[in-house]
Amino acid sequence: MTQRYSDYERLKFDWPQERVLRITMENPGRLNAADEVMHGELVRVWREIDADPDVDVAIIRGAGEAFSAGGDLDLVEQMTQDFEVLTRVWKEARDLVYNVINCSKPIVSAIRGPAVGAGLVAGLLADVSVAGKTARIIDGHTRLGVAAGDHAAIVWPLLCGMAKAKYHLLLCEAVSGEEAERIGLVSLCAEDAEVDDKALEVAAKLAAGSPTAIRWTKYALNNWLRMAGPSFDTSLALEFMGFNGADVREGLASLREKRRPNFKKGSPL
């Protein structure tokens, strides 16, 4: 392992094939939830990969049977109470999306089990996404009581259309890997036990191709995402404005108490 990846705590690295770097999100006992440490690491790793001459393709996956169970609730609580934490995480959330989009190397995601939150950003913004049949993809923002920011506005309408995007983002309805492939939210669906092998197969094909042709094609195609930048910036600003409101406090409490939220009605908005 090159020295540049030696100081990561929540992200583990291996080389399943020459010039293919595999990143594994690992937060034991928490279904690889993106805590404060992982959130920051997911931001900077794409700049590292972009600058690494030994990497032609990156794979992102979760340890064990989960991809990533979303944001850490302790971090969410800090964001509701501390403006400095809120603005730091806002910048990280913005940079995470743009760093994945602007990484010149192709990215393949291997999605098994629950896929929510910051991990899902990389999972769905990956250039080729491979989901297990029983993967459970959820954008949980409105369940928490904040607007669907993160990556949702920039990529869901483009991948699966506005009607499906609104349905799943407004209602927080889960999407299985099989359904995600059917509606175009992911590139491929595989048997759960075969997800890693399929992701590596795709990565190997990419690594064997012309680096300039593949990277420049990715750059051109991602201009569709860059054009959606203003929509993403707006959604992210609205999401983080929501962390100062009453709805997120109720949403957070209901998640911790494992009950349905009781959001206040009658807002003039």
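**Exercise 1.** Describe the lining of the second largest pocket by residue class.

*Solution.* Begin with the classes: eleven residues of this lining are nonpolar, six are polar and four are charged, where Ala, Val, Leu, Ile, Met, Phe, Trp, Tyr, Cys and Pro count as nonpolar, Asp, Glu, Lys and Arg as charged, and the others, Gly among them, as polar. The model is a predicted one, in which local features need pLDDT of at least 70 and side-chain atom pairs count only at pLDDT 80 or more, while totals for chains, interfaces and linings use all residues. Residues are numbered from 1 along each chain as its sequence is written, and side-chain values use heavy atoms, with hydrogens and water left out.

Next, locate the centre of the second largest pocket, to which Gly145, Val146, Ala147, Asp247 and Phe263 lie nearest among the 21 lining residues. A pocket here is an open set of points on a 1 Å grid over the protein atoms alone, where a 1.4 Å probe fits, with protein on both sides within 12 Å along at least five of seven lines, and lining residues have an atom within 4 Å of a point.

Finally, turn to the helices (DSSP runs of H or I, at least four residues, numbered from the N terminus): α12 gives the largest share of this lining, three residues.

**Exercise 2.** Which residues lie closest to the centre of the largest pocket, and which element supplies the largest share of its lining?

*Solution.* The largest pocket holds about 890 Å³ of space, a volume being the space filled by probe spheres set on the points, which are joined across faces, edges and corners. Of its 34 lining residues, Ala69, Gly70, Gly71, Leu73 and Val116 are the closest to the centre. The largest share of the lining, four residues, comes from α2.

Terms used:
Helix = DSSP H or I, 4+ residues; strand = E, 2+ residues; numbered from the N terminus.
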